[in-house]
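Reader: I am new to this structure. Please take me through its charged pairs and tell me what the terms rest on.

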Amino acid sequence: MNSFQVVAMPTEVANAVRATQKAPGYGFPAHREVAAGRAPCRHCLQLIRPHEEELLLFTYDPFREVGEPPLPGPVYIHAERCERTVGESSFPEQYRGRPLTLAAYGDQRTLLEERRITGDEQKQAEGLFQNPEVKYIHVRSTEAGCYLFRLDRV
Ligand SMILES: [Zn+2]
């Protein structure tokens with residue numbers, strides 16, 4: 001039994017960006033182009049195929065659903081419709097073995113612990129959730145610093 005579930009960007013956010021070509025809550029223009037390098041979609045959590053699929057790059061606050069203050073940063077999604085990842089309880093395959101930062105938050109958006117890891121993702125996340133004060137974990141790319149997805153306690 002896993003202690004968390006993977007939470008991707010809400011579909012309403014992805015759809016709003018696709019419809020308006022603007023960052024939700026900020027209004028900055030979203031940038032559309034064909035993916036050139038590694039670009040994980042925050043909605044389906046799959047990689048956007050380079051030189052083949054188009055992406056939208058925009059400013060996103062990963063705390064918009066969970067608390068304040070905001071911490072906006074750049075994210076990618078597929079420019080065209082994709083299927084949101086829902087309810088996964090294991091760490092997504094495409095992100096394993098990469099340098100990741102796991103930031104564990106408690107009530108009031110308090111940062112309780114941060115781990116920089118490469119590999120052993122499932123165990124590391126489970127370990128952070130052993131602290132009963134940890135409500136959710138933000139997973140970020142350590143190299144780029146960008147927000148990827150959230151792990152919620154179940
Ligand atoms: Zn996608």
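Author: Start with Glu114, which is partly exposed at a relative accessible area of 40%. This is a predicted model: local features need pLDDT of at least 70, side-chain atom pairs count only at pLDDT 80 or more, and totals for chains, interfaces and linings use all residues. Residues are numbered from 1 along each chain as its sequence is written, and side-chain values use heavy atoms, with hydrogens and water left out.

Reader: Why is Glu114 called partly exposed?

Author: Buried means under 20% relative accessible area, exposed means over 50%, and partly exposed lies in between (1.4 Å probe, protein chains only). Glu114 has 40%, so Glu114 is partly exposed.

Reader: What makes Glu114 and Arg116 a salt bridge?

Author: A salt bridge needs a side-chain nitrogen of Lys or Arg within 4 Å of a carboxyl oxygen of Asp or Glu. The closest N and O atoms of Glu114 and Arg116 are 3.1 Å apart, so the pair qualifies.

Reader: Why is Arg116 called exposed?

Author: Arg116 has 63% relative accessibility, so the term exposed applies.

Reader: What makes Arg115 partly exposed?

Author: Arg115 has a relative accessible area of 23%, so it falls in the middle class. Arg115 also forms a salt bridge with Glu113.

Reader: How many salt bridges does a search of the whole structure find?

Author: Eleven. Glu12, Arg64, Glu65, Arg150 and Asp152 are linked in a network of them.
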